[in-house]
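Have it open as you read.

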Amino acid sequence: MTLGPVATLRRIAFLMERQREETRRIEAFRRAARTILPLPEEDVRARAEAGTLTELPGIGKSTAAVITDACRGIVPERLVALEETAGPLATGGEELRARLRGDLHSHSDWSDGGSPLEEMAMTAMELGHDYLVLTDHSPRLTIAHGLSAARLARQLDVVDAVNAHLDGAFTLLKGIEVDILDDGSLDQTDEMLGRLEVRVASVHSKLKMDHDAMTRRMVAAVRNPHTNVLGHCTGRLVTGNRGTRGQSQFDARAVFTACAEEGVAVEINSRPERRDPPTRLIELARDLGCLFSIDSDAHAPGQLDMLDHGAARATEAGIDPDRIVTTWERPRLLEWAAARL
């Protein structure tokens with residue numbers, strides 16, 4: 001069955017993101033979809049036949065050709081080529097991947113993501129998720145347009161509106177990726193943190209801090225009752241267009257012992273440029289009895305499918321699926337996330 005023009009443009013953009021193609025080119029397809037979405041279907045078809053689609057803002061020659069094919073019931077060659085290479089992003093974790101019900105770490109254009117939160121929610125739903133936690137950045141991370149308490153409060157109202165529209169078919173959960181400050185405190189007010197459903201705490205600054213100071217910083221954050229997930233714990237980058245970065249130095253046994261004692265999940269970050277934690281640290285956290293969360297850390301809709309990588313790494317480490325909180329149904333997840341407050 002062929003897709004309509006909007007769905008075709010969205011599918012192309014999704015598959016391009018999944019394959020990590022250039023953001024500028026991906027955005028051309030998303031922009032074209034936004035342009036024609038509010039137009040009557042007959043108007044789009046008439047323009048396609050008349051060859052006047054490019055007169056609309058945000059539609060160029062290539063996107064016009066895709067829209068025209070879709071209107072005629074033809075699968076565009078661009079989509080055919082992308083679908084042919086759209087297999088699993090990683091192998092070895094297929095069974096676990098099928099058990100994942102959601103994702104606790106994602107970003108929208110409210111901070112440094114590339115798409116509206118509505119688009120992130122729709123894509124997660126299309127991937128079969130039951131829930132997605134929206135975790136835009138906290139205020140200290142100014143380079144990522146981190147959310148002040150006031151902006152976060154406004155975002156929560158938007159999330160409520162999205163969920164009302166979805167009417168239970170899927171749930172966008174209220175969350176944050178909150179910066180762990182130098183002293184281990186969290187970069188958001190307790191009042192706002194208390195209004196959220198899931199909180200991911202991550203170090204983004206002074207990644208080369210002294211070993212003992214970094215250990216104290218991370219343990220303090222884990223002991224904070226608002227923390228549910230310890231995000232990308234070493235901060236390393238192993239590949240990608242941002243270059244590489246060594247991992248932070250800290251006493252992993254002390255940090256993961258605190259996670260096990262507090263019921264804080266250690267994130268297995270699925271972004272291939274991170275592979276964080278390193279394998280030996282995943283195994284240490286496993287042996288110390290930690291919970292885990294397999295997350296995409298998606299900054300664009302196509303990146304939500306990167307959970308393949310995390311599932312493969314967790315399977316390789318032999319982690320019991322029931323210790324992975326993202327395999328849990330939403331009521332159990334929310335009960336766990338609220339238990340320490």
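The largest pocket in this predicted model holds about 900 Å³ of space. Its lining is made up of 36 residues. The second largest pocket comes in at about 240 Å³, with 13 lining residues.

**Largest pocket**
- Head for the centre of the largest pocket and the nearest lining residues are Arg242, Arg271, Glu273, His299 and Gln303.
- By class, the lining of the largest pocket splits into 15 polar, 14 charged and 7 nonpolar residues.
- Helix 2 (residues 23–36) gives the largest share of that lining, with 4 residues.

**Second largest pocket**
- Arg10, Arg11, Phe14, Thr123 and Glu126 are the lining residues nearest the centre of the second largest pocket.
- Two elements, helix 1 and helix 7 (117–126), each put two or more residues into this lining.
- Helix 1 has the largest share here, at 4 residues.
- Sorted by class, the lining of the second largest pocket has 7 charged, 5 nonpolar and 1 polar residues.

**Helix 1 against helix 4**
- Helix 1 (residues 5–18) also meets helix 4 (residues 61–71): their axes come within 8 Å and cross at roughly 130 degrees.
- Because of that angle, helix 1 counts as oblique to helix 4.
- The crossing of helix 1 past helix 4 is right-handed.
- On the helix 1 side, the contact uses Pro5, Thr8, Leu9 and Ile12, while helix 4 brings Thr63, Val66, Ile67, Ala70 and Cys71.
- That contact has 7 nonpolar and 2 polar residues, with no charged ones.

Note on methods. Residues numbered from 1 in each chain as written. Predicted model: local features only at pLDDT ≥ 70, side-chain atom pairs only at ≥ 80, totals over all residues. Heavy atoms only, no water. Axes fitted to C-alpha atoms, helices over the stretch in contact; angles between N-to-C directions. Parallel < 35°, antiparallel > 145°, perpendicular 65-115°, else oblique. Left-handed = near helix turned anticlockwise from the far one by under 90°. Contact = heavy atoms within 4.5 Å. Nonpolar A, V, L, I, M, F, W, Y, C, P; charged D, E, K, R; others polar. 1 Å grid on protein atoms, 1.4 Å probe; cavity = no way out; pocket = protein on both sides within 12 Å on 5 of 7 lines; lining within 4 Å. Points joined across faces, edges and corners; volume = space filled by probe spheres on them.
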